[in-house]
Each structure stands twice: as C-alpha cells, then as structure tokens.
Amino acid sequence: MAFSAMTSMHSPQFLRLPISLPRSSPSGRFSPPILKRPKPLSIRSVSIPAAPASGSLAPAISVTDNALKHLNKMRSERNQDLCLRIGVKQGGCSGMSYTMDFEDRVNKRPDDSIIEYEGFEIVCDPKSLLFIFGMQLDYSDALIGGGFSFKNPNATQTCGCGKSFAAEI
C-alpha cells in the first residue's frame with residue numbers, strides 16, 4: 001500500500017499464524033519444535049487517516065504557499081482536471097534528476113502516493129518517493145534563480161542547477 005495523505009479509517013484486521021517455539025531440555029539444549037501444539041501469533045494492522053499539513057506530522061512532500069499559488073495558476077490556464085506528478089529519474093549532473101509535470105487525474109496508478117493541498121493533488125510513484133520523502137517544493141519569481149526549487153533532505157549532493165541530486169538509500 002502506498003503512502004498516502006488520503007486514507008480512510010479502517011477497523012483493525014487480525015491475522016493468526018501458527019508458530020512453534022523450540023523447547024529447552026534439562027541439558028540446556030533446544031529440542032526440535034513440536035508441530036502438534038502451535039502457538040498462535042496475532043498481528044494487528046490499523047490504517048489511520050494522515051495528519052493534515054498543518055498538523056504535527058509533515059506530509060511526504062510539502063509545498064510552500066508560493067509554489068501552490070503558482071501551480072494553481074498554471075493548472076487553471078490549462079482548463080483541465082489535472083494533478084501534479086512529481087518523480088525522480090536517472091540522469092542529471094549529480095546522478096538523479098527531478099521530474100514534474102501535470103497529468104490527468106484519471107491516469108493515477110493504484111500504488112501512487114497522493115498528497116492533497118487545498119484541493120490540489122500531487123501524485124508520486126513509490127520508487128521516487130523513497131528518494132524525495134520529506135522534500136519541500138518552493139517557487140520564487142525572482143529574475144535570477146527564480147522558478148521551482150526542491151529542498152530534499154535525502155540529497156547527499158546537489159548540482160548548481162538545483163534540478164539534480166545524489167542520494168543514498
């Protein structure tokens with residue numbers, strides 16, 4: 001299941017697995033497990049809703065107000081129901097480069113992580129999310145050095161262009 005900011009509350013699920021534990025003999029050695037009397041092991045899985053961006057937990061990818069305003073402006077100019085896909089690909093000055101493009105919401109994949117900001121959706125595939133989890137997307141309209149910038153806590157090295165990075169996972 002992908003990390004997602006849009007999850008719903010589910011009731012806990014239980015899974016019972018038979019486990020046989022080795023028994024100790026008086027000599028201190030372990031005897032082979034007895035398969036006739038398995039001890040059940042219960043595993044509990046609970047899905048909880050993700051915390052909002054203003055809560056104590058940070059989203060997988062955060063977006064500054066400036067970036068959100070500019071993304072909404074760009075999306076409205078296209079007059080389509082779009083979401084922003086952010087990802088990572090091999091290449092660039094430092095070994096990996098960021099990808100970012102609008103796509104139809106219907107093209108979202110089941111394993112995509114979905115982060116929502118005031119009705120604006122960002123989607124990211126699970127492999128890319130490993131490299132950009134905790135990243136902040138910002139935007140500046142400065143004449144020199146303006147545009148989108150990526151503040152990635154996983155980057156061990158970045159290029160001067162700001163669009164590529166190296167990371168160790």
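This is a predicted model: local features need pLDDT of at least 70, side-chain atom pairs count only at pLDDT 80 or more; totals for chains, interfaces and linings use all residues.
Student: Which residue in β7 is the bridge partner of Ile86?
Tutor: The bridge partner of Ile86 is Met100.

Student: And what is found in the hairpin of β6 and β7?
Tutor: There are 5 residues between the strands of that hairpin, and Gly91 takes a positive phi near 125 degrees there.

Student: Does β9 pair with β6 in the parallel or the antiparallel sense?
Tutor: Strand β9 (residues 120-124) pairs with β6 in the parallel sense, over 2 bridges. Within this pairing, Arg85 stands opposite Val123 of β9.

Student: Why is β6 described as largely enclosed?
Tutor: Of the 9 residues in β6, 7 are buried, so the rest of the structure largely encloses this strand.

Student: Let us turn to α1. How many residues does the helix have?
Tutor: Helix α1, residues 65-78, has 14 residues. From its first C-alpha to its last, α1 reaches 20 Å, close to the 20 Å expected at 1.5 Å a residue.

Student: Which residues of α1 are buried?
Tutor: Ala67, Leu68, His70, Leu71 and Arg75 are buried in α1. They lie on the same side of the helix because they cover an arc of only 165 degrees around its axis.

Student: Why would residues a few places apart point the same way?
Tutor: An α-helix has 3.6 residues a turn, so residues three or four places apart point the same way.

Student: What does the face turned away from the buried side of α1 carry?
Tutor: That face carries the exposed residues Asp65, Lys69 and Glu77. Just after α1, Asn79 takes a positive phi of about 50 degrees.

Student: New topic: where is Phe133?
Tutor: Phe133 sits in the loop between α2 (126-132) and β10 (135-140). Its relative accessible area is 41%, so Phe133 counts as partly exposed.

Student: What is Phe133 in contact with, leaving aside neighbours within four places in sequence?
Tutor: With those neighbours left aside, Phe133 is in contact with Ala60, Pro153 and Asn154.

Student: Finally, how many helices and strands are in the chain?
Tutor: The chain contains 2 helices and 13 strands. Buried residues make up 30% of its 169 residues. The chain exposes about 11400 Å², of which carbon and sulfur atoms supply 55%.

Terms used. Residues are numbered from 1 along each chain as its sequence is written. Side-chain values use heavy atoms; hydrogens and water are left out. Helices (H or I, at least four residues) and strands (E, at least two) are DSSP runs, numbered from the N terminus. The expected span of a helix is 1.5 Å times one less than its number of residues. Buried means under 20% relative accessible area, exposed over 50%, partly exposed in between (1.4 Å probe, protein chains only). The arc is that of the directions from the helix axis to the C-beta atoms. Accessible areas come from the Shrake-Rupley method with a 1.4 Å probe; for residues, only the protein chains shown count as cover. Contact means heavy atoms within 4.5 Å. Two strands pair if DSSP finds at least two bridges between them.
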